[in-house]
Amino acid sequence: MPQGTLEVLLVSAKGLENTDFLSGMDAYAVLTCRTQEKKSSVASGEGSRPDWNETFVFIISEGVNELKIKLMDKDSFTEDDFVGEATVPLGAVFEEESIPAMAYNVVKEEKYCGEIRVALNFTPHHAQRSGDVEEDFGGWKQSSMD
């Protein structure tokens, strides 16, 4: 399994269902890669076609194979509304190391409700050869004071 750094460029979304009846939707995204979670800025007043152009960095370790992007609508006086979610498979970026901005389906209750554009870059961290690694016992290293 690959290990390294995943850079996610959250570009934009379109065709999202407007959850605000009186005003335009103020969308933001919550990106989750296993236990790491990042939150985008709020695209205030951009309605169902928000633009972010924000970059997020995740550290990839064993067993990570997808990125989840949950789209939310920021509300001032009530709980934020869930707009939909996209799942981005990471296998291709682990092989190619760079995937240009592509559209991924946003789904809510198993129904298509728009798309989100994301670009991916992966920088592998190559494991060191065992001869290059200094042994470390229990987090303590012996030091000599001259």
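Start with the salt bridges: the count comes to 2 in this predicted model.

**Stop 1: Lys-14 and Glu-115.** Select these two residues and show their side chains. Lys-14 forms a salt bridge with Glu-115, and the closest N and O atoms are 3.8 Å apart. Because Lys-14 sits in strand S1 and Glu-115 in strand S8, the pair ties together parts that are 101 residues apart in sequence. Lys-14 is partly exposed at 38% relative accessibility. Glu-115 has a relative accessible area of 18% and counts as buried, since the cut-off for buried is under 20%.

**Stop 2: Lys-68 and Glu-66.** Next, select the other pair. Lys-68 forms a salt bridge with Glu-66, with 3.8 Å between the closest N and O atoms. Are these residues buried or partly exposed? Lys-68 is partly exposed, with a relative accessible area of 28%, and Glu-66 is partly exposed as well, at 33%.

**Stop 3: the nonpolar core.** The largest nonpolar core has 33 residues, and Leu-67, Leu-90, Ile-116 and Leu-120 touch the most other members. At least two residues of this core come from each of strands S1 (4–14), S2 (27–33), S4 (51–60), S5 (66–73), S6 (81–89), S7 (98–108) and S8 (111–124), and from helix H1 (91–96). Which element gives the most to this core? Strand S8 does, with 5 residues.

**Stop 4: Ile-116.** Select Ile-116, one of the core residues that touch the most other members, and display what surrounds this side chain. Leaving aside neighbours within four places in sequence, Ile-116 is in contact with Leu-10, Ser-12 and Ala-13, then with Trp-52, Ile-69, Leu-71 and Ala-86, and finally with Met-102, Ala-103, Tyr-104 and Val-106.

**Stop 5: Val-8.** Go back to strand S1 and select Val-8, which lies in this strand. Val-8 is buried, with a relative accessible area of 0%. What is in contact with Val-8, leaving aside its neighbours within four places in sequence? The list is Leu-31, Glu-54, Thr-55, Phe-56, Phe-58, Leu-67, Val-118, Ala-119 and Leu-120. Two of these residues, Leu-67 and Leu-120, are also among the core residues that touch the most other members.

**Stop 6: Val-8 to Phe-58.** Finish by drawing a distance between the C-alpha atoms of Val-8 and Phe-58. These residues are 50 apart in sequence, and the C-alpha to C-alpha distance is 8.0 Å. Phe-58 is also one of the contacts of Val-8.

Note on methods
Residues numbered from 1 in each chain as written. Predicted model: local features only at pLDDT ≥ 70, side-chain atom pairs only at ≥ 80, totals over all residues. Heavy atoms only, no water. Core = buried A, V, L, I, M, F, W, Y, C linked by side-chain atoms within 4.5 Å. Buried < 20%, exposed > 50% of the residue type's maximum accessible area, 1.4 Å probe, protein only. Helix = DSSP H or I, 4+ residues; strand = E, 2+ residues; numbered from the N terminus. Contact = heavy atoms within 4.5 Å. Salt bridge = Lys/Arg side-chain N within 4 Å of Asp/Glu carboxyl O.
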